[in-house]
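Dear colleague,

I am passing on the structure below, and I would be glad if you could look through it with the notes that come after it.

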Amino acid sequence: MQPQIIFIDWDGTLSTSRFWGHWADSPELAPHYAAIQRVFFESSPENLENWMRGRLTADMVVRFVATKTGIPGPVLLEGLFRSCELTRLHDPEVMTYIAELRRRGVKVAIATDNMDVFVRWTVPALNLRAHFDDILDSHSLRALKRDIDQAGRSPFFTAYLEGTQIPASQALLIDDGAHNSVVGAIGMSFKQVTAETSLRDILSDLLHE
């Protein structure tokens, strides 16, 4: 039986594009890209989560990275904007599967631990609102998908499900991360994208159930 709503992760599931990722292919800008990666993944990894949780904005992050790397702020901001514009789906063919699920009455929403620039720049660049019923992002919700509050509710999913009057038992999350323990705690189903099982495989199976 198909769920009433399918939540699909963005990073690592629908897309593998990276912020400033186009710089990595430029001999001139590749050192800048490497410096940004060191800031985020070695010296100040907490800024990534704070950015996803809505505690930081893109402008604040750009100013911080500029002080750490010496790359001018306007150059960083333009590079960030351009990389969001250049974001691509990992497998564009999955959109035909998503369209068919929606045609059958299944809601399909993006559920992403992401930054303000996703909704600000990536969503309009790819016209994502035309292809999904909704977009849930951690920066707007101030919570990550893995969060569970003291009442056993998900700050990310529960209010949305209640607003749509869809029981958690009729919701499915497809994600490359291991969120099964969290969604299980609130009664949702979970399917994980892996090297052996692609998003296309999962969506195809759902269409044939």
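What follows is a short account of a helix packing and of a set of paired strands.

Please keep in mind throughout that this is a predicted model.

I begin with the helices. Helix α1, which covers residues 30-43, packs against helix α3, residues 58-69, at an angle of about 110 degrees and with the two axes 10 Å apart. Because angles of 65 to 115 degrees count as roughly perpendicular, α1 is described as roughly perpendicular to α3. On the α1 side the contact is made by A35, I36, V39 and F40, and these meet V61, F64, V65, K68 and T69 of α3.

I turn next to the strands. Strand β2, residues 107-112, has five of its six residues buried, and it is therefore largely enclosed by the rest of the structure. Strand β1, residues 5-8, runs parallel to β2 and is joined to it by four bridges; within this pairing, I5 stands opposite K107 of β2. Strand β3, residues 134-137, is likewise parallel to β2, again with four bridges between the two, and here A109 has D134 in β3 as its bridge partner. Between β2 and β3 the chain passes through helix α6, residues 116-126, in a β-α-β crossover that is right-handed.

With best regards

How values were computed: Residues numbered from 1 in each chain as written. Predicted model: local features only at pLDDT ≥ 70, side-chain atom pairs only at ≥ 80, totals over all residues. Heavy atoms only, no water. Axes fitted to C-alpha atoms, helices over the stretch in contact; angles between N-to-C directions. Parallel < 35°, antiparallel > 145°, perpendicular 65-115°, else oblique. Contact = heavy atoms within 4.5 Å. Buried < 20%, exposed > 50% of the residue type's maximum accessible area, 1.4 Å probe, protein only. Pairing = 2+ DSSP bridges. Right-handed = clockwise from strand over helix to strand, strands pointing away.
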